[in-house]
Amino acid sequence: MNPPKSACGPAPEALERMLAAGRDGALLRMSLALACQRREDVRTALAHAVKAVEFDPDFTAAHRLQGLLALDLGDHAKAEAAFAKALEVAQRRGELQLAKELTVRLRRLRTAATARSPE
């Protein structure tokens, strides 16, 4: 049996204490983003994912998470930009499986955008 979604991973409060102690960085911000996402605090999760990318512009997973969170918020333009940046970084770094996933996500997002826009 799987644990409840909110029970997986570290609690945001524990991570926040690390942040308050001055241990800020890309990995901590990504962990905070994921912890907030698990608690369905999408806006806070997105803010932490943005900060993770500020610390490490080549953090492919943080760009990808930004895209997923933007989609959750209904911001398709921000999602597309984040996925496109993640794809660029993944290709440059040789992250082939992630590049394939991002290519599919971008294609679907762009197809949906075309279907939504009036002719």
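Colleague: Against which helices do the buried residues of α5 pack?
Modeller: They pack against α4 (60–72) and α6 (96–116), where a contact means heavy atoms within 4.5 Å. This is a predicted model, in which local features need pLDDT of at least 70 and side-chain atom pairs count only at pLDDT 80 or more, whereas totals for chains, interfaces and linings use all residues. Residues are numbered from 1 along each chain as its sequence is written, and side-chain values use heavy atoms, with hydrogens and water left out.

Colleague: Which residues of α5 are called buried, and what makes a residue buried?
Modeller: A residue is buried under 20% relative accessible area, exposed over 50% and partly exposed in between, with a 1.4 Å probe and protein chains only. In α5, Ala79, Ala82, Phe83, Ala86, Leu87, Val89 and Ala90 are buried. Across the 119 residues of the chain, 35% count as buried.

Colleague: What elements make up the chain?
Modeller: It holds six helices and zero strands, in the order α-α-α-α-α-α from the N terminus on. Helices (H or I, at least four residues) and strands (E, at least two) are DSSP runs, numbered from the N terminus.

Colleague: Why is the pair Glu80 and Arg110 called a salt bridge?
Modeller: The term requires a side-chain nitrogen of Lys or Arg within 4 Å of a carboxyl oxygen of Asp or Glu. The closest N and O atoms of Glu80 and Arg110 are 2.7 Å apart, and the pair therefore meets the rule.

Colleague: Are Glu80 and Arg110 buried, exposed or partly exposed?
Modeller: Glu80 has 26% relative accessibility and Arg110 has 40%, so each counts as partly exposed.

Colleague: What separates Glu54 and Lys51 in helix α3, and why is Glu54 placed in its accessibility class?
Modeller: Glu54 and Lys51 are three residues apart in helix α3 (residues 42–55), and are therefore separated by about one helical turn. Their closest N and O atoms are 3.4 Å apart, and the two form a salt bridge. Glu54, at 53% relative accessibility, counts as exposed, whereas Lys51, at 29%, counts as partly exposed.

Colleague: How far apart are N and O in the salt bridge of Glu88 and Lys85, and which residues do shared partners join into one network?
Modeller: The side chains of Glu88 and Lys85 meet at 2.9 Å, N to O. Being three residues apart in helix α5, Glu88 and Lys85 are separated by about one helical turn. Glu88 is partly exposed at 32% relative accessible area, and Lys85 is partly exposed at 34% relative accessibility. Salt bridges that share partners join Asp58, Lys85, Glu88 and Arg92 into one network.
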